[in-house]
Amino acid sequence: MIRGYSEIMSEDFITMTIGKQKNIALIAHDSKKELMVQFCTAYCRILSQHKLVATGTTGKLTIDGIAIKD
């Protein structure tokens, strides 16, 4: 017997509320790092409300790029 969607959801999954502050990982391929800097610069007010982590080079370039533009 195949169970219905509502049975699966109620038995196998947990519903939870995610807080307003998010954890965001910044990862960019070498050819997209400049685009990541531009993205972070454009959305710095929004991103500043969250916890950010980044890979080494992406993080350094992003921090340096935003600092230069401020």
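The following exercises, with worked solutions, concern the architecture and side-chain contacts of a predicted protein model.

Residues are numbered from 1 along each chain as its sequence is written. In this predicted model, local features need pLDDT of at least 70, side-chain atom pairs count only at pLDDT 80 or more, and totals for chains, interfaces and linings use all residues, while side-chain values use heavy atoms, with hydrogens and water left out.

**Exercise 1. Overall architecture**

Determine the secondary-structure pattern of the protein chain and describe its burial and contacts.

Solution. 
- Step 1. Helices (H or I, at least four residues) and strands (E, at least two) are taken as DSSP runs, numbered from the N terminus. The protein chain contains four helices and two strands, and their order along the sequence is α-β-α-α-β-α.
- Step 2. A residue is buried under 20% relative accessible area, exposed over 50% and partly exposed in between (1.4 Å probe, protein chains only). Of the 70 residues in the protein chain, 19% are buried.
- Step 3. A contact means heavy atoms within 4.5 Å. Of the contacts between residues at least 6 apart in sequence, 73% join residues at least 24 apart.
- Step 4. Accessible areas come from the Shrake-Rupley method with a 1.4 Å probe; for residues, only the protein chains shown count as cover. The protein chain exposes about 6,100 Å², of which carbon and sulfur atoms supply 61%.

**Exercise 2. Core and surface patch**

Identify the residues of the largest nonpolar core and those of a nonpolar surface patch.

Solution. 
- Step 1. A nonpolar core is a set of buried Ala, Val, Leu, Ile, Met, Phe, Trp, Tyr and Cys residues joined through side-chain atoms within 4.5 Å. The largest such core has six residues: L26, A28, M36, C40, L47 and I66.
- Step 2. Patches consist of residues with over 30% relative accessible area and no salt bridge; like charges are joined within 9 Å, and nonpolar side chains (Val, Leu, Ile, Met, Phe, Trp, Tyr) within 5 Å. I14, M16 and I18 form a nonpolar patch with about 410 Å² of accessible area together.
- Step 3. I18 is located in the loop between helix 1 (5-12) and strand 1 (23-26). I18 counts as exposed because its relative accessibility is 59%.

**Exercise 3. Salt bridges**

Locate the salt bridges and state the accessibility of each partner.

Solution. 
- Step 1. A salt bridge is a side-chain nitrogen of Lys or Arg within 4 Å of a carboxyl oxygen of Asp or Glu. The whole structure has two salt bridges.
- Step 2. One joins D30 and K33, with 3.8 Å between the closest N and O atoms. D30 is exposed at 63% relative accessibility, whereas K33 is buried at 11%.
- Step 3. K33 belongs to helix 2 (residues 33-42). Apart from neighbours within four places in sequence, K33 is in contact with A28, T57, T58 and L61.
- Step 4. D64 and K60 form a salt bridge with an N to O distance of 2.7 Å. These two residues are four apart in helix 4 (residues 56-69), so about one helical turn separates them. D64 is partly exposed at 32% relative accessible area, and K60 is exposed at 52%.

**Exercise 4. Aromatic geometry**

Classify the arrangement of the rings of F39 and Y43.

Solution. 
- Step 1. A pair of aromatic rings is described by the distance of the centres and the angle of the planes.
- Step 2. Rings of Phe, Tyr and Trp (its six-membered ring) pair if their centres lie within 6.5 Å; planes under 30 degrees apart count as stacked, over 60 as edge-to-face and the rest as tilted. This rule gives one aromatic pair.
- Step 3. The ring centres of F39 and Y43 are 5.0 Å apart and the planes lie at 40°, so the pair is tilted.
- Step 4. F39 is partly exposed at 40% relative accessible area, and Y43 is partly exposed at 41%.

**Exercise 5. Separation in sequence and space**

State the C-alpha separations of C44 from I66 and of A67 from T41.

Solution. 
- Step 1. C44 lies in helix 3 (residues 44-47) and is partly exposed at 31% relative accessible area. C44 and I66 are 22 residues apart in sequence, with 8.2 Å between their C-alpha atoms.
- Step 2. A67 lies in helix 4 and is exposed at 51% relative accessible area. A67 and T41 are 26 residues apart along the chain, and 9.3 Å separates their C-alpha atoms.
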